[in-house]
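Visitor: Good morning. I am new to this structure and would like to learn about its pockets. Could you show it to me?

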Amino acid sequence: MPKTDPQVLADRYAALWNEPDAELRRTGVRRMWRADGVHVLQPPQEMRRSAVELGFADPVLEARGYRELEARVRTAYEEFVAPGGLLFRARADAEQLHDVVKFHWEAVDTGTGEVGGVGLEFLVLDEDGRIRSDFQFIEN
């Protein structure tokens, strides 16, 4: 596996979710993830509670493959970044252990600079340094 600077990867990852150009987002997804890559999101607590109340035993959201990954990044951009309210940034805490990179990211209010949300990311890389599995935990 090629040597990956975990902080550079974390910064590129966060920047992708802020990218206003649809074609650059698409290209970024294809450069960062494998064709069969997966993004798995543990939804916020209130969403998990609602899902359990509806009878779902395991309320986890998953996007697999380029088409679904591109839709996931596009939707997050359109909901959180495009309206001008938030930007995502990686914290300077990225670490790598074998083929796993972990880091925190923040959703920052563009008007006040205040951190409005924090997540923890675990990226499992393939032998080429591309994301095989992406596990996202919303912390607050």
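This is a predicted model: local features need pLDDT of at least 70, side-chain atom pairs count only at pLDDT 80 or more; totals for chains, interfaces and linings use all residues.

Visitor: What is the volume of the largest pocket?

Guide: The largest pocket has a volume of about 540 Å³.

Visitor: And how many residues line the largest pocket, and which lie nearest its centre?

Guide: Its lining is made up of 23 residues. Those nearest the centre are Arg 72, Phe 80, Phe 88, Trp 105 and Ile 138.

Visitor: Which elements give two or more residues to that lining?

Guide: Two helices do so, helix 1 (6–18) and helix 4 (65–81). The strands that do so are strand 3 (86–90), strand 5 (100–109), strand 6 (115–125) and strand 7 (131–138).

Visitor: Which one gives the most?

Guide: That is helix 4, which contributes 6 residues to the lining of the largest pocket.

Visitor: How does that lining divide by class?

Guide: The lining of the largest pocket holds 16 nonpolar residues, 5 polar ones and 2 charged ones.

Visitor: Turning to the second largest pocket, what is its volume?

Guide: Its volume is about 170 Å³.

Visitor: Which residues line the second largest pocket?

Guide: They are Arg 12, Ala 15, Leu 16, Glu 19, Leu 24, Thr 27, Gly 28, Arg 31 and Met 32. Helix 1 and helix 2 (22–32) are the elements that each give two or more residues to this lining.

Visitor: Which element gives the most there?

Guide: Helix 2 does, with 5 residues.

Visitor: And the classes of residue in the second lining?

Guide: The lining of the second largest pocket has 4 nonpolar, 2 polar and 3 charged residues.

Note on methods
Residues are numbered from 1 along each chain as its sequence is written. Side-chain values use heavy atoms; hydrogens and water are left out. On a 1 Å grid over the protein atoms alone, a cavity is a set of points where a 1.4 Å probe fits but cannot get out, and a pocket is an open set with protein on both sides within 12 Å along at least five of seven lines; lining residues have an atom within 4 Å of a point. Grid points are joined across faces, edges and corners, and a volume is the space filled by probe spheres set on the points. Helices (H or I, at least four residues) and strands (E, at least two) are DSSP runs, numbered from the N terminus. Ala, Val, Leu, Ile, Met, Phe, Trp, Tyr, Cys and Pro count as nonpolar, Asp, Glu, Lys and Arg as charged, and the others, Gly among them, as polar.
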